[in-house]
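Dear colleague,

Please find the structure below, together with a short account of what was found in it.

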Amino acid sequence: MLNSNWLLNKLRNTAEPCIGTWVTIPSPELVDVICSAEPDFIVIDSEHSPVSFETAQLMSMVCTSRNVSPVFRVPDVIQDQIVPALEIGSHAIQAPNISTIEDAKAFSYFSRYQPVGGKGLSPYTRACNYSGEFAGQMIDEANQNTLLIAQVEGREGIENIERILTVKEIDICFLGLYDLSNYLQIPGQLDNSKLIKLFMGLIDKIHDAGVIVGSIASSKEQLDFLIRAGVRYITYAADCEVISRSYRDIFGSAKHKKTGE
């Protein structure tokens with residue numbers, strides 16, 4: 001990807017957290033509405049949503065028109081999912097279920113050009129500005145200009161995290177509090193002291209490896225906690241949940257009232 005990567009620049013050049021959200025509804029118009037609130041990034045989710053690559057490219061275009069970084073979450077570490085996600089101009093690729101060092105190495109290999117990886121080059125893509133004129137520049141710059149985000153979710157990933165972090169092409173290690181609570185067999189107990197201890201210990205390991213920590217917040221209180229904990233890549237809720245919750249609050253507070261009261 002040749003164009004400016006605002007998310008990468010902010011992560012590398014400031015100490016501020018970067019805050020975005022998940023988008024599961026395949027709508028460029030909705031992305032434009034969310035971008036008007038000035039998030040740092042938007043995660044276009046293809047793991048749990050019906051978003052196609054054609055729609056994702058339009059959503060990515062909307063993001064970049066607003067100086068918001070588009071992040072694409074692929075459904076798995078699969079070459080034919082990662083490559084088109086890069087070609088549509090994503091500023092970052094987020095991969096779920098990174099459980100072993102082999103998963104991390106495959107993620108890097110499919111995402112990077114030679115000599116680091118094995119991604120093939122086509123200049124006739126949005127990422128390469130649609131022209132062979134930029135092919136040499138693409139090889140030189142793309143490996144440094146695209147973020148790789150590894151989601152460590154299950155027991156195997158948590159127990160292998162130190163080995164996963166040795167793959168130097170991984171820029172961000174993403175931890176979910178619900179995943180950690182499930183690992184500890186205390187599902188959903190996000191305030192449990194055992195969970196907090198594990199989470200802070202993993203943050204220390206990630207920072208020691210020179211990698212940025214990512215996580216998800218579902219409330220403003222969780223958001224504040226993550227910022228205090230040193231998490232710098234934070235996804236807040238998701239489009240469908242925010243919309244549903246807002247309308248439930250409005251309708252729930254009004255529809256049982258009697259007119260004239």
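Q222 touches L190, I216 and A217, not counting residues up to four places away in sequence; contact here means heavy atoms within 4.5 Å. The model is a predicted one, in which local features need pLDDT of at least 70 and side-chain atom pairs count only at pLDDT 80 or more, while totals for chains, interfaces and linings use all residues. Residues are numbered from 1 along each chain as its sequence is written, and side-chain values use heavy atoms, with hydrogens and water left out.

Q222 belongs to helix α11 (residues 220-229). Helices (H or I, at least four residues) and strands (E, at least two) are DSSP runs, numbered from the N terminus. With a relative accessible area of 16%, Q222 is buried. Buried means under 20% relative accessible area, exposed over 50%, and partly exposed in between (1.4 Å probe, protein chains only). A polar atom of the Q222 side chain lies 2.8 Å from the backbone nitrogen of S218.

S60, in helix α3 (residues 53-65), is buried with a relative accessible area of 0%. Leaving aside neighbours within four places in sequence, S60 is in contact with I44, P70, I88, G89, S90 and R126.

In helix α5 (residues 101-111), the buried residues are I101, A104, F107, S108, F110 and S111. They pack against α4 (79-87), β4 (92-95), β5 (147-152) and α8 (161-164).

Finally, E38 lies in the loop between α2 (28-35) and β2 (41-45) and is exposed, with a relative accessible area of 67%. Its phi is near 65°, a positive value in a residue other than glycine.

Yours sincerely

How values were computed: A polar contact is a pair of N or O atoms within 3.5 Å; within protein, one must be able to donate a hydrogen and the other to accept it, and residues adjacent in sequence count only if both atoms are side-chain atoms.
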